[in-house]
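Have the coordinates open while you read.

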Amino acid sequence: MPKSLPTESLLKVRDLSMRFGGLLAVDGVALDVNEREIVSVIGPNGAGKTTVFNCISGFYTPTGGDIIYKGQSIHGLADFKISRLGMVRTFQHVRLFSQMTVIENLLVAQHRHVNTNLLAGLFKTPSYRQKEQESIDRAIYWLKKVNLLEFANREAGNLAYGQQRRLEIARCMVTEPGLLMLDEPAAGLNPKETNELDALIVSLKEDYNVSILLIEHDMGLVMGISDRIVVINQGRPLATGTPNEIRDNPDVIKAYLGEV
Amino acid sequence: MKDKFIPALIAGVATLILAFPLLGLNLVSDGLGLGIEGADTQTMIYIVLASLAVFIFQLFKENALNIAKNIPLPRRAYKPDAVVSQAQRDKNEKLFTFIIVAIALVWPFFASRGNVDLATLVLIYVMLGLGLNIVVGLAGLLDLGYVAFYAVGAYSYALLHQYFGLSFWVCLPLAGLMAASFGFVLGFPVLRLRGDYLAIVTLGFGEIIRILLNNWTHLTGGPNGIGSIPKPALFGLEFGRKAKEEGNIAFHEYFNIAYNSSYKVIFLYLLALLLVLFTIFVIRRLMRMPVGRAWEALREDEIACRSLGLNRTIIKLSAFTIGASFAGFAGAFFSAKQGFISPESFTFIESAIILAIVVLGGMGSQLGIILAAIAMTVLPELAREFQEYRMLMFGLMMVLMMIWRPQGLLPMKRRHMELTNA
Amino acid sequence: MLETSLYFIQQLLNGLTIGSTYALIAIGYTMVYGIIGMINFAHGEIYMIGMYISFVAISGLTMLGVEYLPLILFITLLISVFISSTYGWAVERVAYRPVRGGNRLIALISAIGMSIFLQNYVRIAQGSRDIAMPSLIQGGWSMGPLDGFQATLSYMQVVIFIVTFITMTGLTFFIAKSRMGRACRAVSEDMKMAGLLGINTNRIISLTFVIGAALAAVAGLLLGLYYGVTNPYIGFIAGLKAFTAAVLGGIGSIPGAMLGGLVLGVTESMTSAYFSSEYKDVVSFGLLILILLFRPTGLLGKPEVEKI
């Protein structure tokens with residue numbers, strides 16, 4: 001495959017629309033995410049942000065528009081295939097394998113990196129053991145990174161809420177994604193935890209070359225870390241720009257505060 | 001008390017309405033027509049007593065439930081988190097398993113023929129329970145047609161022997177393979193379905209297989225079944241009075257001892273034990289392998305799995321296929337043990353019994369399943385005079401278990417992998 | 001040429017007759033599924049019990065000396081519907097209510113247990129042999145040459161069509177117009193919200209089981225008269241068939257259950273007539289699998305959006 005030109009963005013969404021029966025939930029949304037960039041999608045409740053996420057990650061098949069990742073159209077591709085291309089997401093309501101341990105959560109996420117050959121596993125061949133060890137090492141690395149190593153053998157469902165959020169991000173990172181999609185990662189966190197999350201997201205971008213697409217209501221977080229912001233209102237794109245441009249945009253202010 | 005009186009009265013009267021027309025009035029053919037006659041006085045008294053019992057139970061339900069709650073039961077075989085480490089648990093289990101296996105090996109030489117035979121049947125159910133547990137307990141897919149794969153295994157051996165003269169040892173893997181292929185072919189299209197649809201489709205599939213076996217007379221012998229299926233031989237030694245296959249020698253002649261039919265029974269028992277140990281070993285390995293983790297993850301949260309790049313169809317299919325293959329092994333062994341099979345042995349009730357073993361054992365727990373298989377097979381034998389009521393009690397027990405202890409009698413703490421030297 | 005088309009018409013009539021009774025049973029599945037999202041596995045047994053009770057009632061009334069046939073049938077209908085509804089109510093109380101809200105598999109297993117229990121209860125009470133009843137409604141209209149194949153529309157078939165039609169119309173009006181019907185629809189849309197708005201959801205769920213059981217009892221009476229024979233095991237396959245009909249039409253949809261029942265009945269009768277009657281069940285289950293694969297929402301069902 002030819003290397004994508006540096007000018008080409010990592011993720012390019014054009015004219016995205018999603019219709020449920022008579023309801024047009026998303027209408028003509030466009031956004032770009034470049035390599036090593038944090039892009040936030042904001043908008044009032046019910047604006048269709050999560051629906052945009054569900055379309056991009058393949059959980060919904062959009063009724064119209066193009067989604068291009070690394071120069072390849074992924075419209076209509078199955079969700080798990082999109083994830084394998086390197087676009088991995090978290091969920092608004094944390095979705096962990098709650099009866100499995102923390103480390104097992106991270107091992108499941110590496111399913112397609114390990115040796116899934118049944119015979120190799122039954123006989124514990126050297127290559128199988130090596131692959132297993134590698135994935136355990138990677139899991140340990142990311143547990144350290146998100147400060148959860150001491151809870152490695154704990155059931156994921158027994159973690160505190162903030163820890164569950166971090167585990168969900170770690171679980172995405174062990175798949176070695178190119179684009180990480182976070183759906184309201186700061187929801188339910190206290191200010192200290194939000195600050196840690198802020199640092200973690202920036203580090204993912206700076207140290208691991210991951211691009212990030214973010215849905216978030218916490219304006220402090222969004223304005224602080226975003227390279228660009230896309231505003232959606234009632235399913236339609238309202239504005240796009242840098243945090244400063246968005247902050248001063250009269251349309252955005254109107255959408256959030258109503259007619260003043 | 002007063003606010004409970006009316007509902008209790010309604011429940012009592014309802015019991016009377018439910019019981020009287022069917023239990024109290026019996027349909028009898030009188031020549032050309034149909035008549036009814038009242039049941040004997042005893043039955044009538046029972047109906048009234050039952051209604052009274054329901055009335056009184058409803059009246060004092062709260063008190064009764066409180067007593068029931070205080071009945072001590074093993075809630076968890078191990079203490080919660082971190083008190084006993086996984087490594088320690090494994091060690092204890094190894095010792096425990098060793099003792100059990102040693103007893104199981106020696107026991108048949110001292111037991112009666114009938115008991116060894118019964119124990120062999122228990123082992124078949126253990127195998128079926130363990131196999132279905134992969135599908136239901138680990139992967140969370142409700143399969144109501146598991147008996148179909150059991151039938152495929154049994155008929156594979158019977159037919160391969162009948163038409164091609166293949167021996168048990170050649171047919172055993174083939175039977176597993178056949179059952180697995182049936183599982184694959186059925187699973188591929190239907191595993192996309194939601195849980196309860198899957199249950200009904202597998203149920204329908206089980207019926208289809210049974211109807212085919214019943215009607216494809218020139219291949220399967222139809223309702224008459226297939227007979228004279230040979231017992232397995234031990235490295236060319238047969239356990240009958242005379243060796244039947246060419247080149248084989250009878251066991252007692254080879255060792256120059258007197259013929260004794262209990263050798264055959266004991267050999268079959270040991271063979272079943274070996275198959276069960278093999279099953280346990282393979283499944284335990286699978287549970288710790290990536291595919292085992294993926295089954296459990298899929299049961300926990302399918303959407304999260306998809307978001308992480310797991311192909312749910314392939315993973316479900318692997319559980320379905322591997323589960324089916326164990327039913328195939330069990331089926332081949334069953335037809336060898338019985339020497340005769342017919343579609344009668346593979347009805348829906350059989351699926352329900354295997355499912356009950358999995359549920360009773362506490363979905364996912366291997367030890368629980370072994371104990372449940374013993375209970376489900378041995379109890380009906382002990383209560384032979386209640387044979388008539390066996391299925392009635394079985395149905396009732398399934399309902400009560402789901403209400404009272406849906407997690408099974410012996411829910412085990414999940415086996416998990418443990419990080420030790422981090 | 002005439003003969004083949006008469007033969008075809010005969011099969012069509014037979015298929016529609018069976019199909020309309022499948023539809024009656026299927027409604028029980030569809031309503032329960034629509035409201036609590038669970039398969040009422042014991043529903044087939046209720047139909048079987050309805051048939052037994054009809055036989056008991058008809059025999060009893062005949063022995064009491066009631067001779068006017070419409071009166072016998074009417075009283076039988078009332079008795080059978082009343083007692084079967086009590087069974088439906090009891091099944092919900094015993095096997096569903098205590099496990100509701102938990103894992104769906106648990107409710108399904110509990111219902112399977114209930115189904116096995118009821119089947120064996122009837123077996124013990126009434127014996128496991130076939131019980132036959134002489135047919136009460138004989139004769140019919142025939143068409144075709146006197147010396148060749150004649151297609152017959154029997155009076156019994158006409159009764160089945162009329163009773164099914166009246167029952168279905170009544171149910172449709174009940175759901176659409178009555179207060180209880182409105183509550184039913186509200187609960188099936190959103191049980192929690194309906195509960196907050198003061199609807200007694202437990203009562204609505206009971207009502208659903210009762211209505212389903214009543215319709216199954218009507219089907220039990222009609223098919224009992226049509227076939228004239230019963231045994232404790234008929235409920236299992238009939239239930240599976242009716243469930244197939246409900247899925248075929250789109251589970252949760254009442255008109256869907258009606259359509260599904262008719263399609264399934266005709267398919268079955270055509271399979272028996274032109275292919276083989278032994279394999280008619282195989283064809284129906286095959287149809288179920290195909291429908292679930294290519295149109296999981298059924299013919300008239302609404303697509304569901306997965307909530308993420």
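## Chain B and its neighbours

Among contacts in chain B between residues at least 6 apart in sequence, 75% join residues at least 24 apart; here two residues are in contact if their C-beta atoms, placed from the backbone, lie within 7 Å. Before going on, a word on the ground rules: this is a predicted model, where local features need pLDDT of at least 70, side-chain atom pairs count only at pLDDT 80 or more, and totals for chains, interfaces and linings use all residues. Residues are numbered from 1 along each chain as its sequence is written, while chains are lettered from A and ligands numbered from 1 in the order in which they are written.

Chain B has 17 helices and 4 strands. Helices (H or I, at least four residues) and strands (E, at least two) are DSSP runs, numbered from the N terminus. Along the principal axes, the C-alpha atoms of chain B fill a box of roughly 80 × 75 × 50 Å. Of the 422 residues in chain B, 43% are buried. A residue counts as buried if 20 or more other C-beta atoms lie within 10 Å of its own, exposed if 12 or fewer, and partly exposed in between, with C-beta atoms placed from the backbone.

Chain B splits into domain 1 (2-69) and domain 2 (86-231 + 264-404), with bounds that come from an automatic or database domain assignment. The C-alpha centres of these two domains of chain B lie 38 Å apart.

How many residues of chain B are in contact with chain C? The count is 47 residues of chain B against 52 residues of chain C. On the chain B side, the elements giving two or more residues include α1 (2-24), α7 (168-190), α8 (195-215) and α17 (390-404) of chain B. The largest share comes from α8(B), with 12 residues. By class, that side of chain B has 36 nonpolar, 8 polar and 3 charged residues. The classes work like this: Ala, Val, Leu, Ile, Met, Phe, Trp, Tyr, Cys and Pro count as nonpolar, Asp, Glu, Lys and Arg as charged, and the others, Gly among them, as polar.

## The core

The largest nonpolar core has 277 residues, and B:Met127 and B:Ile357 have the most contacts inside it. Such a core is a set of buried Ala, Val, Leu, Ile, Met, Phe, Trp, Tyr and Cys residues joined through C-beta atoms within 7 Å. Helix α8 (residues 201-227) of chain C gives the largest share of this core, 16 residues. Leaving aside neighbours within four places in sequence, B:Met127 is in contact with B:Leu275, B:Val276, B:Thr279, B:Phe326, B:Phe329 and B:Ala330.

Over in chain A, the assignment gives domain 1 (1-86 + 178-260) and domain 2 (96-176). Their C-alpha centres lie 27 Å apart. The contact between them takes 7 residues from domain 1 of chain A and 7 residues from domain 2 of chain A. On the domain 1 side, the residues divide into 4 nonpolar, 1 polar and 2 charged.

One open sheet of chain A has 4 strands in the order β2-β1-β4-β5, with antiparallel pairing. Two strands pair if DSSP finds at least two bridges between them. At the edges stand β2 (23-33) and β5 (72-73) of chain A, each with a single partner strand, so one side of each is left without a neighbour in the sheet. The pairs run as follows.

| Strand pair | Bridges |
|---|---|
| β1(A) and β2(A) | 8 bridges |
| β1(A) and β4(A) | 5 bridges |
| β4(A) and β5(A) | 2 bridges |

A:Ile68 stands opposite A:Ser73 in β5(A). β4(A) and β5(A) form a hairpin with 2 residues between them, and A:Lys70 in the turn has a positive phi of about 50 degrees.

Another open sheet of chain A has 6 strands in the order β6-β7-β8-β3-β9-β10, and its pairing is mixed. Here β6 (87-89) and β10 (236-241) of chain A are at the edges with a single partner strand each, so one side of each is left without a neighbour in the sheet. The twist averages 20 degrees from one strand to the next. Strands β3 (residues 38-42) and β8 (residues 211-215) of chain A run parallel, joined by 4 bridges.

Conventions. Axes fitted to C-alpha atoms, helices over the stretch in contact; angles between N-to-C directions.
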